[in-house]
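Hello,

Here is the structure that I promised to hand over, and my notes on it follow below. Please keep it open while you read.

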Amino acid sequence: MKKILVIHGPNLNLLGKREPGIYGKTTLKQINQALEKAAKKYKIKLIAKQSNHEGEIVDLIGKNKNKASGILINPAAYTHTSVAIRDAILAAGIPTIEVHLSNIHSREEFRHKSLISPVVKGTIMGFGPKSYILGLEALIDLINVK
Ligand code: DQA
């Protein structure tokens with residue numbers, strides 16, 4: 001059974017309560033449940049983790065790079081700052097999709113730049129929790145054609 005590593009970055013554990021006007025009312029647990037349901041259809045196993053720590057995310061990518069066929073990641077605030085996560089994705093060398101709940105380009109200027117976008121297959125943003133499902137489907141397509 002193929003595996004996909006799902007990574008939720010900092011503060012995404014607070015979804016549902018955190019700035020609901022921007023991120024909505026859906027909790028991380030509900031997002032993971034929806035992802036599980038979608039993955040099941042394709043007989044894909046998910047390894048889903050949330051971390052508030054940059055180094056921990058780097059370790060997660062490194063530890064799972066030989067186990068997982070692809071990575072679905074919402075790097076959250078690290079999107080805009082983390083050379084370390086970008087390098088970890090490059091080092092892993094497996095198809096990766098970046099997702100965001102909000103459209104980072106319609107927000108503050110400091111969110112417009114993603115250090116992650118240039119090293120992933122594609123980015124899906126602005127569709128709330130649906131961004132994750134669309135990202136997962138895109139990643140499954142990539143993995144299956146490989
Ligand atoms: C986010 C956008 C980031 O700018 C922000 O720091 C987040 C969430 C999103 O999913 O819209 O924490 O990645």
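Before the notes themselves, a residue is called buried when its relative accessible area is under 20%, exposed when it is over 50%, and partly exposed in between, with a 1.4 Å probe and protein chains only. This is a predicted model, in which local features need pLDDT of at least 70 and side-chain atom pairs count only at pLDDT 80 or more, while totals for chains, interfaces and linings use all residues. Residues are numbered from 1 along each chain as its sequence is written, and side-chain values use heavy atoms, with hydrogens and water left out.

Helix α2 runs over residues 28–41 and reaches 20 Å from its first C-alpha to its last, close to the 20 Å expected at 1.5 Å a residue. Leu28, Ile31, Asn32, Leu35, Ala38 and Ala39 of α2 are buried. They lie on the same side of α2 because they cover an arc of only 125° around the axis. The face turned away from that buried side carries Lys29, Lys37, Lys40 and Lys41, which are exposed. After α2 comes Lys43, whose phi is positive, near 55°.

The ligand is surrounded by several residues, including Arg18, Tyr23, Asn74, His80, His100 and Arg111, where a residue counts if one of its heavy atoms lies within 4 Å. An N or O atom in the side chain of Arg18 is 3.0 Å from an oxygen atom of the ligand, and for a polar side-chain atom of Asn74 the distance to a ligand oxygen atom is 2.8 Å. Taken alone the ligand exposes 330 Å², of which the protein buries 99%.

Best wishes

Terms used: Helices (H or I, at least four residues) and strands (E, at least two) are DSSP runs, numbered from the N terminus. The expected span of a helix is 1.5 Å times one less than its number of residues. The arc is that of the directions from the helix axis to the C-beta atoms. A polar contact is a pair of N or O atoms within 3.5 Å; within protein, one must be able to donate a hydrogen and the other to accept it, and residues adjacent in sequence count only if both atoms are side-chain atoms. Accessible areas come from the Shrake-Rupley method with a 1.4 Å probe; for residues, only the protein chains shown count as cover.
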